Amino acid sequence: MSRIGNNPVAIPEGVTVDVKDNVVTVKGKLGELTQHYDTVEIKVEDGNVLVTRSSDSKDQKAKHGLYRSLMHNMIEGVSKGWTKELELVGVGYRASNQGQKLDLALGFSHNIVLNIAPEVKVETVSEKGKNPLVKLTSFDKQLVGQVAAKIRGFRKPEPYKGKGIKFVGEEIRRKAGKSA
């Protein structure tokens, strides 16, 4: 029995969920998201979204919890939004943005300029004595995670000094290095 798939997803005020032809559309104050689904049934009943499966086949069991989690992420996204924060750890590592262009100085011979999707709001914070932060905010959890992973991929944190781009709160496994 799927523990996650059986839980109903509550629909908060100001959010509408439409199910039509194997496509779920969720509209809220922050935006609109659509998701195609198959092999499971999605119903909206008295303020909750219910995901059910018709049999215990391996495919349906796998997708039962998946689509319930996707529904939860979509509803949460259009009502509250999702945020990822990245921290640049290293001497001379800087980040700045002009609109949707993110400019990263990561110790390479050139700066990396990344055009961010219009659905994602980008903000950079640089305080004296602290590492620069890049804040990504959007109503689409998958898109925020994908953009954050792409930025982190430019300079992953290394295990000896911990230099690189890491998520705020992420623990880096450190190595001892050479001992004299």
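This is a predicted model: local features need pLDDT of at least 70, side-chain atom pairs count only at pLDDT 80 or more; totals for chains, interfaces and linings use all residues.
**Partners of strand β6**
- Strand β5 (residues 41–45) runs antiparallel to β6, and 5 bridges join the two.
- Within this pairing, Val49 of β6 has Val44 opposite it.
- β5 and β6 form a hairpin with 2 residues between the strands, where Asp46 takes a positive phi near 30 degrees.
- Strand β1 (residues 9–10) is also antiparallel to β6 and is joined to it by 2 bridges.
- Asn48 in β6 is the bridge partner of Ala10.

**Asp103 and its surroundings**
- Asp103 sits in strand β9, which covers residues 101–105.
- Asp103 is buried but has no salt bridge; Arg94, the nearest side chain of opposite charge, is 7.6 Å away.
- The side chain of Asp103 does make a polar contact of 3.5 Å with the side chain of Asn111.
- Leaving aside residues up to four places away in sequence, Asp103 touches Arg94, Ala95, Ser96, Asn111, Ile112 and Val113.

**Annotated regions**
- An unreviewed UniProt entry annotates residues 11–81 and 89–166 as "domain: Large ribosomal subunit protein uL6 alpha-beta".
- Residues 11–81 are 31% helix and 35% strand, with end C-alpha atoms 14 Å apart.
- Residues 89–166 are 18% helix and 37% strand, with end C-alpha atoms 8 Å apart.

Technical notes
Residues are numbered from 1 along each chain as its sequence is written. Side-chain values use heavy atoms; hydrogens and water are left out. Helices (H or I, at least four residues) and strands (E, at least two) are DSSP runs, numbered from the N terminus. Buried means under 20% relative accessible area, exposed over 50%, partly exposed in between (1.4 Å probe, protein chains only). Lys and Arg count as positive and Asp and Glu as negative; His and the chain ends are not counted. A salt bridge is a side-chain nitrogen of Lys or Arg within 4 Å of a carboxyl oxygen of Asp or Glu. A polar contact is a pair of N or O atoms within 3.5 Å; within protein, one must be able to donate a hydrogen and the other to accept it, and residues adjacent in sequence count only if both atoms are side-chain atoms. Contact means heavy atoms within 4.5 Å. UniProt positions are given in the numbering used here, feature names are shortened, and annotations may be inferred rather than shown by experiment. Two strands pair if DSSP finds at least two bridges between them.
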